[in-house]
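Please check each point against the coordinates.

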Amino acid sequence: MSYATKKLAEEKVFKDPVHRYVHVRDQVIWDLVATREFQRLRRIKQLGTTYLVFHGAEHSRFSHSLGVYEITRRVVDDVFVNYPEWDKSERLVALCAALLHDLGHGPFSHAFEHVFNLDHEAYTRAIILGDTEVNAVLRRVSEDFPQKVSDVIEKTYDNQQVVSLISSQIDADRMDYLQRDAYFTGVSYGHFDMERILRVMRPREDQIVIKSSGMHAVEDYIMSRYQMYWQVYFHPVSRSAEVILRKTLERAQELYRAGYMFNVAPTPFQSFFDGNISLEQYIELDENIIMTYFHFWTHEEDAILSDLSSRFLNRRLFKYIEYDPGADFKKVLELEELYKKAGLNANYYLVHDSTSDLPYDFYRPGEEEGRLPIHLLRSNGELSELSRSSEVVEAISGKRRFDHKIYFPEDVLLENGKKRMLRKQILEVLNR
Amino acid sequence: MLEEHANVVRFVSLAGEVTGRKKLQKMVYIAKKFDFPFHEKYHFHMYGPYSEELTMRVEELCTMGFLTERKEDKGSYKQYCYEVTDKGNTFSDSFCKEAAGLPQIIDELNTQSARFLELVSTLLYFDELARDEQIIKVRTVKAKLNFTDEEMTRAFQFIAQLNPFKNNENGV
């Protein structure tokens, strides 16, 4: 028996709060889970700073990755297995890509990427293709197997059915994170009938389609996604924590580049500050290290670094106001001027943050860009794009929503003492 | 503050006019690959590297009145042209930092066709591969476009031609 088809003597299971059990029979999957690069995902939270708002949201990328694997396994082993349109030889590459799709996420994923201009998908590919334990396991399958797994995650794999399973508008990734994040945050949104969706998924030519009888389950899934984005992922208070996290890292980098002498040398960050990061250094850094350094930085002489890191650790977050840059962009210039006069550093204490979402969209013939649609499979074998049949989805299809906020330390602006009048003026401009 | 929005406005302003969403996508991607400060995330899409974040940002900038979008009916498809408004210029002047080399690179890019930029950006997307592998990969993922050997050669020459304009400033 080859390594690719080798099964464990007994099935192993991971107890999971969302899927009850995650089942592993393949030796390759078992070995991948045991690699240091995959184990590292235990130390990366799935929802970054969201735990500062929803205290249950401490779950990790590790559990999410297992969940995506489990959903994919159920689709290929239980649903697709009897359909000739599904190429059974793609099973292992689909399972590996599902398991490894988030491997390159750094600590506090998006905030960290933003500060250091990184792309976690590029690091996912680098870990799969580089000199790593994950790569060694994948190469035991075949020399070109790591590249195949990487291509699926990069969406350039020949078989687009496999790509769609992991990354499309209705994929195993989203189906897991919506349910998992809802479970751990404790919110009532995010729930939908995944069992039903899995039962009605069908492989068809170069895509995965949904039997039209499953349309209402898909509607529910899309609305769940919409609500989770605005109620959880874009929560203004967790965005405040993310703003402070970003600004702390930016400050540390600025000081490092200026030759500032830290009490404790920021060794794990040096390559990030220098912009010259090796794969090994990237893999080494996790959220535990970041939090340790934030503790160190609270004792730094630099008042800004000390204040920001302390704010993050002790949840003394910035307040916010709604902001419309189109109508009000000059307000920021006025505020920056007032900050300067008041002796406050606007770069760290006056922060614009924006976010946007598009719950569902589809490629329109004749247009240049768009998303691959969700197609419904009718009983006569024809396909129809979801929003043509669903009034609920049509109502939100192609509708983008934007949100802008300005974050600031209200506690500092309310302090008595020097330049009190200027601070009061700032609060007035902020309509506080 | 607002630099990421202002950078996109400045980009269109430097181009004067950008014809086609696909062209704008590829131009920004190529500039990003040459280390200019664009934070919009790109993925591989049906026309090569594509950023939904950039699509959203452009729509938002139009809503804010910083960009204008003009739709031209080309028969089988619609083409979108982008220009900066006076308000947009004031906005980008207020929040943008100068980036040496960017005007030159935009000039070079804006004179090329969307098809050619699709080829260049796709080659750059796979720039971690050796040149031969890059070509094979592009021919695989872009099989329908039938890029000729001549186009491939010209694309590599074009990339080399852009190298002197690469942004060397830290902290993009």
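1. In which sense do β1(B) and strand β5 of chain B pair, and over how many bridges? The pairing is antiparallel, and two bridges carry it. Strand β5 covers residues 78-84 of chain B. Across this pairing, V18(B) stands opposite Y82(B) in β5(B). Keep in mind that this is a predicted model.

2. Now the sheet as a whole. Three strands of chain B form an open sheet in the order β1-β5-β4. The pairing is antiparallel. The edges are β1 (18-19) and β4 (67-73) of chain B, and each of these strands pairs on one side only.

3. A helix packs on this sheet: α3 of chain B, residues 52-63. Helix α3 touches β4 and β5 of chain B. The direction of α3 makes about 110 degrees with that of β4(B).

4. Next, a helix pair. Helix α1 (residues 3-15) and helix α5 (residues 102-110) of chain B pack at an angle of about 60 degrees. Their axes lie 9 Å apart. Angles of 65 to 115 degrees would count as roughly perpendicular; at about 60 degrees, α1(B) is therefore oblique to α5(B). The crossing of α1(B) and α5(B) is right-handed.

5. Which residues make that contact? From α1(B) come F11(B), L14(B) and A15(B). From α5(B) come L102(B), P103(B), I106(B), D107(B) and N110(B). By class, the contact of α1(B) with α5(B) has six nonpolar residues, one polar and one charged.

Conventions: Residues are numbered from 1 along each chain as its sequence is written. Chains are lettered from A and ligands numbered from 1 in the order in which they are written. This is a predicted model: local features need pLDDT of at least 70, side-chain atom pairs count only at pLDDT 80 or more; totals for chains, interfaces and linings use all residues. Side-chain values use heavy atoms; hydrogens and water are left out. Two strands pair if DSSP finds at least two bridges between them. Helices (H or I, at least four residues) and strands (E, at least two) are DSSP runs, numbered from the N terminus. Contact means heavy atoms within 4.5 Å. Axes are lines fitted to C-alpha atoms, for helices over the stretch in contact, and angles run from 0 to 180 degrees between N-to-C directions. Angles under 35 degrees count as roughly parallel, over 145 as roughly antiparallel, 65 to 115 as roughly perpendicular and the rest as oblique. A crossing is left-handed if the near helix is turned anticlockwise from the far one by less than a right angle, and right-handed if clockwise. Ala, Val, Leu, Ile, Met, Phe, Trp, Tyr, Cys and Pro count as nonpolar, Asp, Glu, Lys and Arg as charged, and the others, Gly among them, as polar.
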